Amino acid sequence: MNAESPKARVLVVDDHSLFRRGLIALLAGDGRFEVVAEAGDAAEAQRRAAECQPDVILLDQHLPGVLGADAVAGLLEVAPAARVLMLTVSEDEADLARALRQGACGYLLKTTDSDVLIQSLLQVLSGQSAVSPEMTSKLVSAFQNLGRQPLAAAACAPAAAEPVVPEAQAVPAVSPREQEILAHIAKGASNKEIARALGIAETTVKIHVQHILRKLGLSSRVQVAVFASQRGL
């Protein structure tokens, strides 16, 4: 999304008005987004989504009387072009799996840094999935518990979804350091945590991750985590 692109239209759904106002203020300071509506419960969110047809919906998991994950299908019914990005305090694996099965394209914790939130919004708008690093290992676990169905890959529209990680794909040659980093990614570690554990610079970790993605033919660290888990790396 460049400076000449139209602003992404955002619907913010959260029952805490103070947190909602903070999100709106954050997005208002970024010229790539326009908050077109807000809502404090699922029913209001569905009405607003139908009226405004947002590009992306930031959705809390715990709404009055209903789980946000259970509202995803209704939101996508009235705004089929929208991408749903969960933003929640819940670190529960079942909540994560349910949200992605219902059609959410991402799952972020409310402790996420603002720059990561912005990047995640851009990711889901481009058809990718976005999951907080702290939830990556739980995503892999949910993936395994559901018969290896690629939750994150299947969450978005088929035309824009991430490719399924091939089960039979041979493991390309990766360096010993890249194998170490693969193992940390599979556990849900962030680049900063990997850098600290291995005693290297965070920028070095980022470069290694880019090399790993290129070598494996994958597009996100979520896919890398699933790939590593499948092969016991």
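I take a salt bridge to be a side-chain nitrogen of Lys or Arg within 4 Å of a carboxyl oxygen of Asp or Glu. Asp14 lies in the loop between strand 1 (8-13) and helix 1 (17-28), and Lys110 lies in the loop between strand 7 (106-109) and helix 5 (114-125), so that the pair links distant parts of the chain, 96 residues apart. Helices (H or I, at least four residues) and strands (E, at least two) are DSSP runs, numbered from the N terminus.

I noted that this is a predicted model, in which local features need pLDDT of at least 70, side-chain atom pairs count only at pLDDT 80 or more, and totals for chains, interfaces and linings use all residues. Residues are numbered from 1 along each chain as its sequence is written, and side-chain values use heavy atoms, with hydrogens and water left out.

Is Asp14 buried or exposed? Asp14 counts as buried because its relative accessibility is 1%, whereas Lys110, at 22%, counts as partly exposed. Buried means under 20% relative accessible area, exposed over 50%, and partly exposed in between (1.4 Å probe, protein chains only).

I then counted the salt bridges and recorded 9 in the structure. Arg32 pairs with Asp30, their closest N and O atoms being 2.8 Å apart. Arg32 is partly exposed at 29%, and Asp30 is buried at 14%.

I next looked up Lys215, which forms a salt bridge with Glu178 at 2.9 Å between the closest N and O atoms. This pair also links distant parts of the chain: Lys215 belongs to helix 10 (residues 202-216) and Glu178 to helix 8 (residues 176-186), 37 residues apart. Lys215 is partly exposed at 35%, while Glu178 is buried at 3%. I also recorded that salt bridges with shared partners join Asp14, Asp60 and Lys110 into one network.

Finally, I examined helix 8 against helix 9 (residues 191-198): they pack at an angle of about 130°, with axes 10 Å apart. Axes are lines fitted to C-alpha atoms, for helices over the stretch in contact, and angles run from 0 to 180 degrees between N-to-C directions. Helix 8 is therefore oblique to helix 9; angles under 35 degrees count as roughly parallel, over 145 as roughly antiparallel, 65 to 115 as roughly perpendicular and the rest as oblique. The contact (heavy atoms within 4.5 Å) includes Ile181 of helix 8 and Leu198 of helix 9.
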